[in-house]
Each structure stands twice: as structure tokens, then as C-alpha cells.
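Here is a briefing on one protein model.

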Amino acid sequence: MDMEQAVHLGNLSLKNPILTASGTFGYGAEYSAFGDLRSLGGIVVKGLSLEARKGNTGRRIAETPAGMLNSIGLQNMGAGPFVREVLPELPWDKTPVLANIYAGDYDEFAELAAYLADQEGIAGLEVNISCPNVRAGGACFGQDPLMAARACAAVRERAGNKPVILKLTPNVTDVTEIARAVEDAGADAVSLINTLSGMAVDIHSRRPVLGNVIGGLSGPAIKPVALQAVYRVCNAVNIPVIGVGGIASAEDALEFILVGAHAVQVGSASFADPSLAFSLIPRIEELCDELDLVSWEEFRGRLETA
């Protein structure tokens, strides 16, 4: 007997727990040739800012053992062009479309949230707090609980009834402290982890591989880090958690659900296999049958540690 795959993130209903991760699935429409976008639990689009950004110069991607480094620099077309040109091409009436947003200060976060939350085709907002606060000397919003909470509150106040998801950085001493801070500030859910800080160098040229020197590490290499972060946060907050980081198989996805995640996002694995997110959906259904699961409630967070 097939198990019901639907999950709920606050007032957001997903037909299954598979979402795409921002920055790895374009704006969504680019992947329509590799599968039915309507089959996904949700589409998280490439990060959007108020105005278009060109991103970093020089080399922006480098392969590493079991992963990749990226330093794209948040390149995007801007929120307005996305809404006008891309959103109408997405099946937002069949699959929730979540806008990942980032800004340089709290007022900008609020303005961006208000604009996107007012769009019928946007089901929710995922807030990237791994970006720097330009008015705080470049400090990362997500590395300070007070700054993270204030960014969350700025978005929550202007988001209306749209769910607000805070995407957490692993580049902190205690990610649960940040998670609790944004929960208290009104977050409906959290997603984690964003990329780990890393770099690569060339001994022949004696130069960094990436034009920006430092980049974000993703891929299978970060899955153990992501899994423990999700496990800890699931045991620290009372809001839904979305697991992200190194997910490349249905088994990976179920591991995150077992430690407490409500849903997962498929990230850099989509670069190697553009159809992966789509193919995980029937495979997860098969795994649930193999495990004799009747509902997600009997499996989610049921890791036995004693």
C-alpha cells in the first residue's frame, strides 16, 4: 500500500518532501527538460535581490574531492524581472514556488519581502542570512543571533500570510543558538545547512583557484556535517526543519527525515544529474514500502540513540 507522501511546513503543503535547493536549480524553468516540475514538492529558486547583480569576477566554480566550491557572488536578474519574466512560466499553481532572498540590510530585506509576498505565484520566502550586513561592517547576518533574529523579524513583518523560512549557515559555533533566535523572531521553519566556507589553491601559479579566494563548499563531503546540524536543530526548536547538504539519493533524504527533518532540498547533486530531484520521488516511495512505513510521523525523528 502506497504511503501518503505529503508534508506540511506551517501553512505550506507539499505533495512530497523533495524540494530543490536555491542556487542549484536555476530559476526552475531551466530544469523542465529533465522532469515534470509539477511532480516536485517545491521549487526554491535562485537567490533574488531587489536589483540585478552581476556576481563575482574570475573563476567561480572549482571541483574538490567529494564536492565543489562556488563563489558565484549572488548573481541574479533581480526580483522584478523574475516576477515578470520567469514566474509565469513556472507551475506555481501545482507546485509551491519559494523565493530565496538576500539583502544588505534590514530595510532591504523588508522591502524585498513585501514585494515578493504580494505575488500570487510565490508560496513562501526562504531568507538567506549567510550574506553580509553592509551596515554592520560586513558581518554575516546568520553568525549572530541578534542580527539573525532582526533579519527574520523584518521579513516576517512584511510577509503577510506567506511562510518565512530562514536558511542557516553552518559557519558558526552553535547553529542551534541561531535556530532558536529566528524561531523566537517568528520563523515558520528553518533550512540548513548552507555551504561551508572553503578554498582551493594552485601550487604552480601560487594563486587561489577561485577569483574571490574563498568559496562555499557543497556536495557529498558536507553531508555528515549537515546531518548532525539538522539533528541538533530538530531537537532544539519546535518549528519544521528542512535538511540540505550532500543529498544525492533517496537513502540520503530518508536519513535527514529520520533525524527529524520534515523535508529536504536537493542541491549540487543536480549539476551531476539534472534529473535527480525528479527521480528521487518514486524511489522514496519504494523505500517507504520496503520499510513498511504507514506515515511520515512514525519515521520522522525516530532515530534510536539509546
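Buried means under 20% relative accessible area, exposed over 50%, and partly exposed in between (1.4 Å probe, protein chains only). At 54% relative accessibility, V201 therefore counts as exposed. The model is predicted: local features need pLDDT of at least 70, side-chain atom pairs count only at pLDDT 80 or more, and totals for chains, interfaces and linings use all residues. Residues are numbered from 1 along each chain as its sequence is written, and side-chain values use heavy atoms, leaving out hydrogens and water.

**Surface patch**

- V201 sits in strand 14 (residues 201-202). Strands (E, at least two residues) and helices (H or I, at least four) are DSSP runs, numbered from the N terminus.
- M199, V201, V213 and I214 make up a nonpolar surface patch with about 340 Å² of accessible area together. Areas come from the Shrake-Rupley method with a 1.4 Å probe; for residues, only the protein chains shown count as cover.
- Patch residues have over 30% relative accessible area and no salt bridge; like charges are joined within 9 Å, nonpolar side chains (Val, Leu, Ile, Met, Phe, Trp, Tyr) within 5 Å. A salt bridge is a side-chain nitrogen of Lys or Arg within 4 Å of a carboxyl oxygen of Asp or Glu.

- Eight strands form an open sheet in the order 3-18-17-12-11-8-7-4, with parallel pairing. Strand 3 and strand 4 (43-44) stand at the edges with a single partner strand each, so one side of each has no neighbour in the sheet.
- Two strands pair if DSSP finds at least two bridges between them. Strand 3 (residues 18-20) runs parallel to strand 18, joined by three bridges. I18 stands opposite V264.
- Strand 17 (residues 241-244) is also parallel to strand 18, with three bridges. G243 has V264 as its bridge partner, and V244 has Q265.
- Both faces of strand 18 (residues 263-266) are covered: A263 and Q265 on one side, V264 and V266 on the other, are all buried.

**Aromatic pairs**

- The whole structure holds six aromatic pairs. Rings of Phe, Tyr and Trp (its six-membered ring) pair if their centres lie within 6.5 Å; planes under 30 degrees apart are stacked, over 60 edge-to-face and the rest tilted.
- F25 and Y31 are stacked, at 4.1 Å centre to centre and 20° between the planes. F25 is buried at 1% relative accessible area, and Y31 is buried at 10%.
- Y106 and F141 pair edge-to-face, at 5.5 Å and 75°. Y106 lies in helix 2 (residues 106-117) and F141 in the loop between strand 10 (139-140) and helix 3 (145-158), so the pair ties together parts 35 residues apart in sequence.
- Ring pairs link F25, Y31, F34 and F278 into a cluster.
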